[in-house]
Amino acid sequence: MSFRPPKGTDDIGAPESHVWRDVLREWETWADRFGYPLVMTPIFEATELFERGVGDDTEVVTKQMYTFTDRGGRSVTLRPEGTAGVVRAFLDSGATGAWKGAYSGPMFRYERPQAGRRRQFWQVGVEYLDVKGPAADAEVIELGFRFLTGVEVPGLEVVVNSLGDEVCRPGYVTILRNFLEENRDRLCDDSVSLIGVNPLRVLDCKICAPVLNDAPAMKDHLCEPCAAHYDEVMTALKRLEIPYREDRRLVRGLDYYTRTAFEYLATDLEAAQNAVGGGGRYDGLAEAIGGRRAPGVGFALGVDRIILASVLEPDPQVDVYLVSETGPGDALVAASTLRSRGLRVDLDTEGRSVKAQFRTAGRSQARALVVLPTEGGDVDVRIDEERAQMPLQDVAAWLESRLP
Ligand code: HAM
């Protein structure tokens, strides 16, 4: 067979998918604990939604979108991120007042593929809408931090900054642009080409870092309300005991951010893909896509990168592997009994030899083995070195106290 997954996409099966399953389960647990119900939006949207939401000049929109014309002549785009679609769905629903949504699913960006940088990748994220207070920002940041801690991402760092708003940012951008113009000769070509279009993005440039260390910082030019908001977010993070670091040069690749911006870094990964997630406040996004003013804050985390970084030991697939000497018919009925009591059970349906069944059981990493008797009577249950005989009906209760 000559077909392979398209460049920058992956097939993910066991055993790797065990980790995915555990990470996505942990995500659901934390989203639930913070009161975020699931929201599901289409995987493709009108192209204009991303142009207006994410921003015409961003790399995501100019270089990375999977855009095509459908059979009805409409320009549609595979979603490169989830925020614009969720905000559209929120506006469309007519909801008013604080509104929460959590999502999990594939996103698409035409990038040069490498580890942790895929053309189809998976994000989990939340959006918290129609809220303007700094406590909302802090709660959102906390959720991401608790989840990433739960999935055991080593070297986790939370980095925060404020990007100001429509009142104070324009003045700062002028000051920054002047600084960049004065230092034009010391900047790389990419940075020079950004001075006119989007000088904030220059702050992100790793090559120009030595020059940018002296660049004026947004933080020093915030208007009074933005400065107060930022201070309150940081105070809340301290009270929640979330370790964070301020980075005066943190900017984000998408245009919709105002005030708080943050990233979660897995510092054990290569710098090129060590941002396991990012987010911030986007008070103007709803209006930018044609809706009413609805300030909001959210984040998205890249599950592909989380999996690269995580040291989580996956939970095995099954609790019990059933071994039968009398063929799959009996095993199937016994499995059904155990499953009805909540155990996860696997078995051989092909009538293979007992030896072959033991081999498969070993590979399955089942926590326990249940060997069916040749003629009625008790089954044989084994966990590691421990063995016991009992009626099939008693197996679930017996295992319950022994399986972690
Ligand atoms: P973003 O920073 O573009 O933000 O993406 C968030 C995360 O998605 C990144 O930190 C990274 O882990 C992962 N990611 C992005 N591109 C790729 C890729 N090509 N391959 C693998 N992983 C990738 C957003 O998408 C915003 N919508 C976040 C947000 C939500 N802001 C407010 N609400």
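This is a predicted model: local features need pLDDT of at least 70, side-chain atom pairs count only at pLDDT 80 or more; totals for chains, interfaces and linings use all residues.
Biologist: How many residues surround the ligand, and which are the closest?
Modeller: There are 27 residues around the ligand, and the closest are E81, E111, R118, R252 and Y257.
Biologist: Which strand gives the most to that shell?
Modeller: Strand β9 gives the most, with 6 residues, and β5 (120-129), β9 (275-281) and β10 (296-302) each supply at least two; strands here are DSSP runs of E with at least two residues, helices are runs of H or I with at least four, and both are numbered from the N terminus.
Biologist: What is 2.8 Å from an N or O atom in the side chain of E127?
Modeller: That is a nitrogen atom of the ligand, and a polar side-chain atom of Y256 lies 2.9 Å from a nitrogen atom of the ligand. In the side chain of R109, an N or O atom is 2.9 Å from an oxygen atom of the ligand.
Biologist: How much of the ligand's accessible area does the protein cover?
Modeller: The protein covers 96% of the 660 Å² that the ligand has on its own, with accessible areas taken from the Shrake-Rupley method with a 1.4 Å probe; for residues, only the protein chains shown count as cover.
Biologist: Changing topic, how many salt bridges are there?
Modeller: A search of the whole structure finds 28, a salt bridge being a side-chain nitrogen of Lys or Arg within 4 Å of a carboxyl oxygen of Asp or Glu. One of them joins E45 and R88, at 2.7 Å from N to O. E45 lies in strand β1 (residues 44-46) and R88 in helix α4 (residues 83-93), so the pair ties together parts that are 43 residues apart in sequence.
Biologist: Is E45 buried or exposed?
Modeller: E45 is buried, at 8% relative accessibility, whereas R88 is partly exposed at 24%; buried means under 20% relative accessible area, exposed over 50%, and partly exposed in between, with a 1.4 Å probe and protein chains only.
Biologist: And which residues are linked in a network of salt bridges?
Modeller: Those are D315, D319, R344 and R367, and within that group the closest N and O atoms of D319 and R344 are 3.2 Å apart.

How values were computed: Residues are numbered from 1 along each chain as its sequence is written. Side-chain values use heavy atoms; hydrogens and water are left out. A residue is near a molecule or strand if one of its heavy atoms lies within 4 Å of it. A polar contact is a pair of N or O atoms within 3.5 Å; within protein, one must be able to donate a hydrogen and the other to accept it, and residues adjacent in sequence count only if both atoms are side-chain atoms.
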